[in-house]
Amino acid sequence: TSAVDAAVEARTPVYGVAIGSTSDKLSARRNVELLSADAPLEAIVNNTSKVTVAARVSGFAAVPLEVRLSDADAPEADADTQRLWTDQNLATLQAELKWTPSSPSAAAGQIRRLRVSLPPNAGEASPDDNAAELHVLLTEPHVRVLYVAGSIRTEYKFLKRLLMSDTNVRFLSLVRVESNRFWAQGGPGAAALDRLPETPADFKLFDVIILSNLDRTFLNRTQMQNLRAFVNDGGALLMLGGHNSFGPGGYEGTDVEAVLPVLCGPRSQPQETTPFIPQLTAEGQVHPIFQGVAPFFFGPGGRKPDENLPKLAELLGCVTVPQAKPGASVLTIHPTRQIDGKPLVVLAVQRVGAGRSAAFTADTTWQWDAPMRGLGRESPYERFWGQLIRWLANVETKVRESKPVVMIRPDRSFIRIGQGSVKVLALVQDDRGRPATSAQVTLSV
């Protein structure tokens, strides 16, 4: 029985009600809606941050769309643009946009306002839900690096150039040129020191100290004790490979070995001369030091580097170390060589007291630079060293010249009738850049 026949038999009045609209635009409901835009609450100046976007597309199958990211303090150009496309009439699309903030001007202050937008299309039902704004707190940590080299090696020349061009690094190097005489070279804002650090005050001038091919005979007992205290109190130490590093450099049993993540071995500890590309361990695969560059390396279980990426040059051997210490994290190993039945350690890191240390037993990463320079900031050479130095310096806690900040982040920029509540996240920072954990926030909508 049809619905009409049933209504007639019921002998009850029936009234028809139209649902929808006579407008083609609204009845078709062709629309692009920005569902969410998410960015870190804090971003480091001159470092790339990611903004993830989700959009619901209705009625625009096979129509090219794009999502734009712009910085309110640099409105003359989009920070990034991504194309969106679907062959479905109704789909949810995602995009990942990149933003590299520059140093804020005095007028801009510490907080940047990002705008994510999808330009309206012809026939779109509502353009009001096409955009969102995000506020991001900028931090500009100055990582103070001291590079002490026992000789002028190729690795030093390339790494010095890289670190001196890093706007977040205040770089000073001390290179032995003859006997016990060291040559000081510093970039803008570097500490003034024309000799090896000796006193606790000397060490406090830096956040990260790099020792490269420096025999222990150039450091007296007091200097090594103060270096150990420096690391335990929150500083960082990185030792690089070389004929005068680790065991061959005489560091076995010293205060320097005490804060390294590996045992150094005796002066007779051999060098490994087999060329290789480092192999990431499972821990190294997900470590912040290798964020964005892990596919360039061999991976756990013998995974080969991504064939779609440029190939890394092989490192020309490394120093052998007997083993990593308990509690250390081994991030890379030699893919084919072992020592005492265990994979040969290439990069290991460890937290020591309030500080951090790393042992990188190779010193020929300069070969990664020139072939990859066309990748710019995404070069595995630049990213590896930038991320290693920042991890050692623990940059997330080193925000200098901070100001008090209160910033809120709502989970949406628009709300439809009946959608319910809006969630808001508040960031409160005191005048020393620390989270104000006892703060109370009252929000009026």
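User: Which residue lies over the face of Phe-60?
Analyst: This is a predicted model: local features need pLDDT of at least 70, side-chain atom pairs count only at pLDDT 80 or more, and totals for chains, interfaces and linings use all residues. Residues are numbered from 1 along each chain as its sequence is written, and side-chain values use heavy atoms, leaving out hydrogens and water. A charge sits over a ring if NZ of Lys or CZ of Arg is within 6 Å of the ring centre and within 35 degrees of the ring normal. At 4.2 Å from the ring centre of Phe-60, the residue is Arg-30.

User: How far from the ring centre of Trp-391 is the charged end of Arg-356?
Analyst: The ring here belongs to Trp-391. The charged end of Arg-356 sits over that ring, and its distance from the centre is 4.5 Å.

User: At what angle do helices H3 and H9 pack?
Analyst: Two packed helices are described by the angle between their axes and the distance between the axes. Helices (H or I, at least four residues) and strands (E, at least two) are DSSP runs, numbered from the N terminus. Axes are lines fitted to C-alpha atoms, for helices over the stretch in contact, with angles running from 0 to 180 degrees between N-to-C directions. For H3 (residues 154–164) and H9 (residues 380–393), the axes are 11 Å apart and the angle is about 75°.

User: Is H3 roughly parallel or roughly perpendicular to H9?
Analyst: Angles under 35 degrees count as roughly parallel, over 145 as roughly antiparallel, 65 to 115 as roughly perpendicular and the rest as oblique. The angle of H3 with H9 is about 75°. H3 is therefore, relative to H9, roughly perpendicular.

User: How many nonpolar residues does the contact of H3 with H9 have?
Analyst: Contact means heavy atoms within 4.5 Å. From H3 come Glu-155, Phe-158, Leu-159, Leu-162 and Leu-163, which meet Tyr-381, Glu-382, Trp-385 and Ile-389 in H9. Ala, Val, Leu, Ile, Met, Phe, Trp, Tyr, Cys and Pro count as nonpolar, Asp, Glu, Lys and Arg as charged, and the others, Gly among them, as polar. With 2 charged and no polar residues, the nonpolar count is 7.

User: Which residues does Leu-162 touch, not counting those up to four places away in sequence?
Analyst: Leu-162 lies in helix H3. Phe-384 is 222 residues away from Leu-162 in sequence and 11 Å away in space, C-alpha to C-alpha. Leu-162 touches Tyr-381, Glu-382 and Trp-385.

User: How many aromatic pairs are there?
Analyst: Rings of Phe, Tyr and Trp (its six-membered ring) pair if their centres lie within 6.5 Å; planes under 30 degrees apart count as stacked, over 60 as edge-to-face and the rest as tilted. By this rule the number of aromatic pairs is 12.

User: What is the angle between the ring planes of Tyr-147 and Tyr-156?
Analyst: A pair of aromatic rings is described by the distance of the centres and the angle of the planes. Tyr-147 is buried, at 0% relative accessible area, and Tyr-156 is buried at 4%. Their pair is edge-to-face, with 5.2 Å centre to centre and planes at 70°.

User: How many residues apart are Phe-158 and Trp-366?
Analyst: These two form a tilted aromatic pair, 5.6 Å centre to centre with 35° between the planes. Phe-158 is partly exposed at 22%, and Trp-366 is partly exposed at 25%. The pair links distant parts of the chain: Phe-158 is in helix H3, Trp-366 is in the loop between strand E21 (355–360) and helix H8 (369–372), and their separation is 208 residues.

User: Where is Phe-246 found?
Analyst: Most residues other than glycine have a negative phi, and most peptide bonds are trans. Phe-246 has a positive phi, near 55°. Its relative accessibility is 0%, so it counts as buried. Its place is the loop between strand E13 (236–240) and helix H6 (255–259).

User: What is the phi of Ala-62 near?
Analyst: Ala-62 is in the loop between strand E3 (49–58) and strand E4 (65–71). At 47% relative accessibility, Ala-62 is partly exposed. Its phi is positive, near 60°.

Note on methods: Buried means under 20% relative accessible area, exposed over 50%, partly exposed in between (1.4 Å probe, protein chains only).
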